[in-house]
Amino acid sequence: QSYRDLAMAYERNGNYQEALDTYYIVLSRNWDRRFTQVKDVVLKEMNRLIAMHSKLNISGIDRRLIYPMPLDIRVTLEWTADNSDVDLHFVDPFGEIGYYGRRLTRIGSRLSGDITQGFGPEEFALKKAADGTYIVKVKYFGDSRQNLAGPITLRVVMYTNYGTKKEKSEEIMVRVKSKKEMLEIGELLFQK
C-alpha cells in the first residue's frame, strides 16, 4: 500500500516513469497475503498510466500485464488506519446494491475483494455503465486497532471515463467515528 501511495504521488508530480516503475514493484513482488488484493487495483492504475502517457519506457514491464483497461466508472476507497475494516457500497441506477457480499452485479459492475486489514484500497469498477445516478456509500465495519490516533479518515475518488482522455475525477475525504456507521459519500451521474 505504501508503494501504491508513492506511485500515485510520483504521478501527481509529473514523474510518470517513476510512477510506472513503482506500480510495477507492487505487481511483480510477493507480499503478505493480506495485501495481495492490492494488485488488482494497481494493475488498472498502471495500465491507465501507460494509456495516458505514451512516452513511457515499458521495456521492463511483463507484456502480459499491459493492456487497455478503460472504465466508464471507477470508485476507489482507502483509509488511514491499519487493522480496520471499511467497506465500499454502491447503488446502481436500477436500485441494485453492490458490496462485499454481492461483488458482481447484473449490469456488469465488479467490486474488489473485501479488505479487512491494512489501509485498503477497495474498488468499484464498471466497464460499460448504464446512464443514470450511482450512489456511493461506505460502511465503517470496525477495527482491532488502538484508538489513540482518533477517528479514521476515508479517501474516496470517483472517476468517469477512467483511463481515457475524457477522464474526470472527484476526491472526497471524510472522517468516521462510530463503528457500523454507514455514510453516503456522494452520487455519480453518468451519461454517455
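**Chain end, nonpolar cores and helix packing**

In the predicted model, residue Q191 is found in the segment that follows strand 9. Q191 counts as exposed, because its relative accessibility is 59% and the cut-off for exposure is over 50%. Although Q191 and S178 are 13 residues apart along the chain, a distance of 35 Å separates their C-alpha atoms.

The interior was examined next. In soluble globular proteins, nonpolar side chains tend to be buried together. The largest nonpolar core in this model comprises 26 residues, and I73, V75, F124 and V138 have the most contacts inside it. At least two residues of this core are supplied by each of strand 1 (71–79), strand 2 (84–91), strand 5 (122–126), strand 6 (132–143), strand 7 (152–162), strand 8 (168–176) and strand 9 (181–190). When residues up to four places away in sequence are not counted, F124 touches I73, R74, V75, L88, F90, S109, R110, L111 and Y134.

The axes of helix 1 (residues 2–12) and helix 3 (residues 38–52) come within 11 Å and cross at roughly 15 degrees. Angles under 35 degrees count as roughly parallel, and helix 1 and helix 3 are therefore roughly parallel to each other. The crossing of helix 1 past helix 3 is left-handed.

Technical notes: Residues numbered from 1 in each chain as written. Predicted model: local features only at pLDDT ≥ 70, side-chain atom pairs only at ≥ 80, totals over all residues. Heavy atoms only, no water. Core = buried A, V, L, I, M, F, W, Y, C linked by side-chain atoms within 4.5 Å. Buried < 20%, exposed > 50% of the residue type's maximum accessible area, 1.4 Å probe, protein only. Helix = DSSP H or I, 4+ residues; strand = E, 2+ residues; numbered from the N terminus. Contact = heavy atoms within 4.5 Å. Axes fitted to C-alpha atoms, helices over the stretch in contact; angles between N-to-C directions. Parallel < 35°, antiparallel > 145°, perpendicular 65-115°, else oblique. Left-handed = near helix turned anticlockwise from the far one by under 90°.
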